[in-house]
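Hi everyone, thanks for making the time. I'd like to walk you through a model I've been looking at, so please have a look at the screen.

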Amino acid sequence: MELRYSFIVPVYNRPGELSELLQSMSALEGNLAFEVVVVEDGSSETSESVIRDFNDKLNIQYFYKKNTGPGDSRNFGMRVASGNYFIILDSDCLLPREYLQVVHDSLEKEFLDCFGGPDTAHPSFSPVQKAINYAMTSILTTGGIRGKGAAKDKFEPRSFNMGLSKKAFEATGGFGNIHPGEDPDLSIRLKKMGFRTGLLPEAYVFHKRRVDFSKFHQQVRKFGMVRPILSSWHPHTRRITYWFPSLFLLGLIAAIILGFIFPGPLRWVLPGLYGGYIILLTADAYFRTKSLQVALLGVIAVFIQFIGYGYGFLKSTILVNFSRKQPEALFPHLFFQRTTDT
């Protein structure tokens, strides 16, 4: 099959980020033709001027629709795209010059109906962005499987950097209306239907992620909240590892409480374990980033990640398993209403 690529980019009030992404697309190497489908998801700050700047550099389709979330916007983009293989990106990503050629060569060698690629930090990113990237990608955190060869056939592609064949999209109906969590849900359904999914380790993107710790905390808390919902929909995907951030949070609370209760050396056992973990994180982050500032901020980011995810996971687990309400009623802020209107 001759592959024809369509980049699908939902955007919500981020014209500056979109401009940087399109600039990186215009610099892609190779002779592979592609189109870019930008779906404005009900933004009040639209990207129309950005699109005009790149109309003579890229083959762009631009659509504006009411706000129904990134999953539905990606589905809309794939319905109107002319390609037979979709590459889905978040607007806060940048592409290295060789990205599309790497994807094409990999799919020609071993075709996947759905692929995911890893993410990393660009040298121009702020120290906080680099710290958050460390927390989300380190083997010492919940992001440990990202980009690791051993996880290639178990990898659940994420929609910041994800490929999907038109055949797979049409068979599954694309993304659901939960957000976040729409990408692992789609990956699970694809595997159930027999489609091949996997990781392309060399097809990485530069991913800005959240620009401050407050937004990062909100994001990871939602990640924790959606996982029990996904497990209730797909019971075979339950893993003990999903409990690790919650156990980290409970252990941290216990360390603080027991430090005041136990006499003598016993009071330092749990705090000592957490202190050792902090030292290990700092050393690893410094080794990877070559920056003491980023390493120290990375430790903060990891604690935010574990505490936010762990709290969200515990809260959702209790409500999903012991409430008679459906997840949509329990967590309406995690679900969007679908539409096909432009």
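I'll start with confidence, then go to some strands, and finish with one lysine.

First, the ground rules. This is a predicted model, where local features need pLDDT of at least 70, side-chain atom pairs count only at pLDDT 80 or more, and totals for chains, interfaces and linings use all residues. Residues are numbered from 1 along each chain as its sequence is written, and side-chain values use heavy atoms, with hydrogens and water left out.

So, confidence. pLDDT is the predictor's confidence in each residue, from 0 to 100. The chain averages 92, and 94% of the residues score at least 70. Helices (H or I, at least four residues) and strands (E, at least two) are DSSP runs, numbered from the N terminus. Confidence is highest in strand 4, at 98, and lowest in helix 9 (residues 244–261), at a mean of 90. One stretch to watch is residues 145–150, where pLDDT stays under 50. Where pLDDT is low, the predicted coordinates should not be read in detail.

Now the strands. I'll say buried for under 20% relative accessible area, exposed for over 50%, and partly exposed in between, using a 1.4 Å probe and protein chains only. Why is strand 4 largely enclosed by the rest of the structure? Because five of its five residues are buried. On one side you have Y85, I87 and L89, and on the other F86 and I88.

Who sits beside strand 4? Two strands pair if DSSP finds at least two bridges between them. Strand 1 (residues 5–11) runs parallel to strand 4, with four bridges, and Y5 is partnered with Y85. Strand 8 runs antiparallel to strand 4 (residues 85–89), with five bridges; there, L89 has N161 as its partner.

Strand 8 (residues 161–165) is itself mostly covered, with five of five residues buried. N161, G163 and S165 point one way, M162 and L164 the other. Strand 6 (residues 114–116) also joins strand 8, antiparallel, through three bridges, and G116 pairs with M162.

Last, the lysine. K208 lies in the loop between strand 10 (205–207) and helix 8 (213–233). Is K208 buried or exposed? Buried, with a relative accessible area of 16%. Leaving aside neighbours within four places in sequence, K208 is in contact (heavy atoms within 4.5 Å) with E20, D92, F125 and Q129. The side chains of K208 and E20 are joined by a polar contact of 2.4 Å. A polar contact is a pair of N or O atoms within 3.5 Å; within protein, one must be able to donate a hydrogen and the other to accept it, and residues adjacent in sequence count only if both atoms are side-chain atoms.
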